[in-house]
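Subject: Structure handover

Hi,

Here is the structure I promised to pass on. Please open it first, then read my notes below.

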Amino acid sequence: MRRVKLIEFMIALAVSLGMVVPILAQQAEKEVQEKSTPTARVPAGQKQKLTGVILRREADSFILRDLSGIDYTVSLTDRTRVEEKKSNPFRRAKNYGVTSLLRGLNVEVEGRGDSSGALVAERIKLREVDLMTARTVETRVTPVEGRLGETEARLSQAEENARRLSGQIEELNAISNAARGGAKAAQETADAALAGVQATNERITTLISELDQYEPKATRTIYFKVASAMLSPEARASLDEIADQAKVEKGFIIEVKGFASADGNEDYNRRLSQRRADAVVRYLAENHNIPLRRIIIPFGYGESNPVADNSTREGREQNRRVEVTVLVNRGLTSPPAAPSTQRTRISSDIRP
């Protein structure tokens with residue numbers, strides 16, 4: 001059975017990468033255009049069932065493109081149920097949190113229209129193999145995509161400075177050719193301007209090369225009771241600290257990894273660790289307004305990666321945990337490179 005699921009996942013991943021990655025790669029470029037594109041309206045009170053792929057994800061809604069290429073706005077509420085569209089009729093369907101609704105995920109939505117024309121989702125079904133594929137794609141794309149907006153602004157300012165300095169160099173060259181007595185002073189000023197241009201170019205190169213490089217700034221470990229995904233007062237206090245730390249950083253993302261001890265069976269512990277990771281994400285989003293785009297897809301590892309011996313009570317207590325790490329983009333926080341000491345002389349026909 002596991003081999004069959006692995007084959008299904010590999011096939012779905014290959015197909016989805018061909019369909020989803022081009023959409024995600026062009027997302028930043030087409031963001032303004034997509035937001036201005038009107039979506040189809042669902043009549044208020046009318047029950048409707050849609051099948052399609054999630055194009056854009058917001059905190060409490062997402063844009064769905066159905067099989068005919070029409071876009072719909074789908075609203076999420078506390079009563080929205082997200083469950084597995086299972087192929088095996090002899091087992092119960094799995095339930096998922098709304099954080100599992102990722103861009104590029106194929107879903108089936110049932111609900112009713114509201115006064116704004118959106119479809120208020122009552123039940124959302126998805127296949128586990130599609131969810132695994134969407135998580136793989138999202139984990140690769142989101143960290144880089146989340147930095148593009150900030151990096152573009154910095155690069156634009158750097159390019160403007162470079163153009164301004166280039167104009168100063170041309171002006172200084174003209175002054176140097178016209179003023180014989182001030183040639184030496186003009187040359188020194190031009191050298192300084194060139195050093196500034198070189199430093200700016202080196203900074204741009206550093207930003208591009210380190211765009212997808214991150215380093216940890218703060219880490220907290222949240223512990224849970226047996227078979228529980230409830231946050232204790234101590235856990236909430238730790239999350240408050242790491243949220244405050246994240247808010248003062250530039251270019252940060254938050255990594256959330258859930259784990260479980262060896263109590264219970266492997267499948268149950270995998271679901272339990274995912275619920276723990278989802279609980280941490282929900283607390284950060286609802287109590288500290290941390291944008292979801294700043295949080296790497298939370299993942300439950302189950303019994304894997306224990307930090308202590310599961311055969312002892314103390315070891316199992318340490319393994320019932322969620323690790324929360326604040327990562328900072330090196331390209332946006334590293335200090336500017338020192339200007340080169342090499343001097344470049346401006347050509348001139350002036351002779352003393």
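Start with lysine 94. Its relative accessibility is 16%, so lysine 94 counts as buried. Keep in mind that this is a predicted model.

What does the side chain of lysine 94 meet? It forms a salt bridge with the side chain of glutamate 128, at 3.0 Å from N to O. The pair ties together distant parts of the chain. Glutamate 128 belongs to helix H3 (residues 128-178). Lysine 94 lies in the loop between strand E4 (81-84) and strand E5 (95-96). The two are 34 residues apart.

Other salt bridges

The structure holds 21 salt bridges. Two more deserve a look.

One joins the side chains of arginine 316 and aspartate 263, at 3.6 Å from N to O. This pair also links distant parts of the chain, 53 residues apart. Arginine 316 is in helix H7 (residues 313-319). Aspartate 263 is in the loop between strand E9 (252-258) and helix H6 (266-288). Both partners are partly exposed: arginine 316 has a relative accessible area of 23%, and aspartate 263 comes in at 28%.

The other is local. The side chains of aspartate 267 and arginine 270 meet at 3.8 Å, N to O. These two residues are three apart in helix H6, so about one helical turn separates them. An α-helix has 3.6 residues a turn, so residues three or four places apart point the same way. Aspartate 267 is partly exposed at 33% relative accessibility. Arginine 270 is partly exposed at 37%. Salt bridges with shared partners join Glu266, Asp267, Arg270 and Arg271 into one network.

The strands around E2

Now go to strand E2 (residues 61-66). Five of its six residues are buried, so E2 is largely enclosed by the rest of the structure.

Which strands pair with E2? On one side of the pairing list is strand E1 (residues 47-57), antiparallel to E2 over five bridges. Arginine 57 stands opposite phenylalanine 62 in E2. A hairpin of three residues connects E1 to E2.

Strand E3 (residues 71-75) also runs antiparallel to E2, again with five bridges. Here arginine 65 stands opposite aspartate 71 in E3. Four residues lie between E2 and E3 in this hairpin. Glycine 69 sits in the turn and has a positive phi of about 85°.

Helix H5

Helix H5 (residues 233-247) has 15 residues. From first C-alpha to last, H5 reaches 21 Å, close to the 21 Å expected at 1.5 Å a residue.

Where do the buried residues of H5 lie around its axis? They are Ala235, Ser238, Leu239, Ile242, Ala243 and Ala246. They cover an arc of only 135°, which puts them on the same side of H5. The face turned away from that buried side carries the exposed residues Pro233 and Glu234. The buried residues pack against strand E8 (214-223), E9, H6 and strand E11 (321-329).

Leucine 102

Is leucine 102 buried or exposed? Its relative accessibility is 5%, so leucine 102 counts as buried. Leucine 102 is found in the loop between E5 and strand E6 (106-113). Leaving aside neighbours within four places in sequence, leucine 102 is in contact with Ile54, Leu131, Ala134, Arg135, Glu138 and Ile297. Take Arg135 from that set. Arginine 135 is 33 residues from leucine 102 along the chain, yet their C-alpha atoms are separated by 7.3 Å.

The chain overall

The chain has eight helices and 11 strands. Of its 352 residues, 41% count as buried. Among contacts between residues at least 6 apart in sequence, 74% join residues at least 24 apart. The chain exposes about 20,200 Å², and carbon and sulfur atoms supply 52% of that area.

Best wishes

Definitions and conventions:
Residues numbered from 1 in each chain as written. Predicted model: local features only at pLDDT ≥ 70, side-chain atom pairs only at ≥ 80, totals over all residues. Heavy atoms only, no water. Buried < 20%, exposed > 50% of the residue type's maximum accessible area, 1.4 Å probe, protein only. Pairing = 2+ DSSP bridges. Salt bridge = Lys/Arg side-chain N within 4 Å of Asp/Glu carboxyl O. Contact = heavy atoms within 4.5 Å. Areas by Shrake-Rupley, 256 points an atom, 1.4 Å probe, with all protein chains shown as cover. Expected span 1.5 Å × (residues − 1). Arc of directions from axis to C-beta.
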